[in-house]
Amino acid sequence: MWALLVAGSVFFPGLFLLSKSCLRHTPALRWSEGDAVIVSARLVSSIQAVMASSAGYIIATSCDDIVEDQHWLTSSYILFAVPYFVYDIYAMFMCYWYKLWVKGHEVDVSPKALGTVLSSYLRREFLMVLHHVVMVTVCFPVSVFWRQGKGDYFQGVMFLAELSTPSVCLGKILIQYKQQHTLLHKVNGGLMLVTFFIFRVLLFPYLYYAYSRYASIPLYMVPLSVPWQCNLGAALLMAPQLYWFCLICRGAFRLFTGSSRYRRPPPTPCADSDRKDPLPPANGYSARKRERDQQPLRRAGGTPGGWGSRRGS
């Protein structure tokens with residue numbers, strides 16, 4: 001148990017640092033610190049998603065009895081992946097910090113400035129941070145201890161929810177670098193819409209349907225047949241997925257109907273670092289622009305600026 005927790009605690013932050021170092025110091029790239037941090041965080045999330053989805057597929061296809069059958073990979077991957085959610089809270093904060101970059105200011109790492117940015121980050125990303133905290137403090141002990149080895153099939157199917165993550169991460173990067181006008185962004189947006197709907201929204205109804213077939217009972221009887229904790233957990237996990245899916249649908253509608261905010265920006269003689277376009281939300285589910293993202297650092301008397309231009313330093 002402890003070996004897997006330690007392995008995950010080393011693997012995910014280590015992969016992030018390795019990716020950031022490569023993007024920063026590879027001669028052909030020489031990316032700025034901020035760009036390297038943002039892209040590395042998305043890369044680690046995508047790799048974790050591929051690993052979780054692969055584990056989920058192996059588990060789900062290996063269980064004939066969806067309640068009693070067990071697979072060693074279920075608890076093992078949960079233990080290995082738990083540190084990822086702790087790391088990702090920090091990685092999301094670093095992305096938020098660098099997105100508030102304003103050229104020409106010195107780095108202000110005073111407690112007041114850090115506290116102001118942290119408070120703004122927690123307000124803006126409250127739902128995502130809460131999701132990660134619940135995964136560690138509730139879902140982890142429930143999945144490893146409370147289940148008592150039953151329902152590995154359902155756990156494996158839930159791992160498949162991560163199949164939507166790579167397209168979400170790519171969408172965040174394309175929005176970050178103002179590539180909403182490209183064909184890649186439109187194709188990725190359609191793929192994200194489909195995968196998120198199938199593997200995160202329809203996931204929970206499917207779990208109830210699978211149990212109804214297993215127990216040979218009508219679908220509407222399943223909530224009355226399973227422990228109330230299962231119904232509560234499914235409702236709490238599905239609620240944020242519905243919210244995020246609504247944001248994705250709204251963004252997709254604006255994208256495919258040609259909303260002005262998704263059109264190619266007119267060329268200007270100014271460098272990218274001189275543009276004052278407000279940045280997209282750090283959670284990446286909406287392209288909504290908010291000027292107030294720059295306010296926390298201004299009120300604190302400093303910004304995380306001075307790290308160089310978008311590509312290279």
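Start with α3 (72-99): this helix gives the most to the lining of the largest cavity, with six residues. Helices here are DSSP runs of H or I, at least four residues, numbered from the N terminus. A cavity is a set of points on a 1 Å grid over the protein atoms alone where a 1.4 Å probe fits but cannot get out, and lining residues have an atom within 4 Å of a point.

The model is predicted: local features need pLDDT of at least 70, side-chain atom pairs count only at pLDDT 80 or more, and totals for chains, interfaces and linings use all residues. Numbering runs from 1 along each chain as its sequence is written, and side-chain values use heavy atoms, without hydrogens and water.

Next, select Y84, D88, M128, H132 and T165. Of the 22 lining residues, these lie nearest the centre of the largest cavity. Its volume is about 290 Å³, taken as the space filled by probe spheres set on the points. The lining holds 11 nonpolar, six polar and five charged residues.

Now show α5 (126-146) with α11 (228-256). Their axes, lines fitted to C-alpha atoms over the stretch in contact, come within 12 Å and cross at roughly 150°. The two helices are therefore roughly antiparallel (over 145 degrees).

Finally, select the contact residues (heavy atoms within 4.5 Å). L127, M128, H131, C139 and W146 in α5 meet Q229, C230, L237, P240, Q241, Y243 and W244 in α11. This contact has nine nonpolar residues, three polar and no charged. Nonpolar covers Ala, Val, Leu, Ile, Met, Phe, Trp, Tyr, Cys and Pro; charged covers Asp, Glu, Lys and Arg; the others, Gly among them, are polar.

Note on methods:
Axes are lines fitted to C-alpha atoms, for helices over the stretch in contact, and angles run from 0 to 180 degrees between N-to-C directions. Angles under 35 degrees count as roughly parallel, over 145 as roughly antiparallel, 65 to 115 as roughly perpendicular and the rest as oblique. On a 1 Å grid over the protein atoms alone, a cavity is a set of points where a 1.4 Å probe fits but cannot get out, and a pocket is an open set with protein on both sides within 12 Å along at least five of seven lines; lining residues have an atom within 4 Å of a point.
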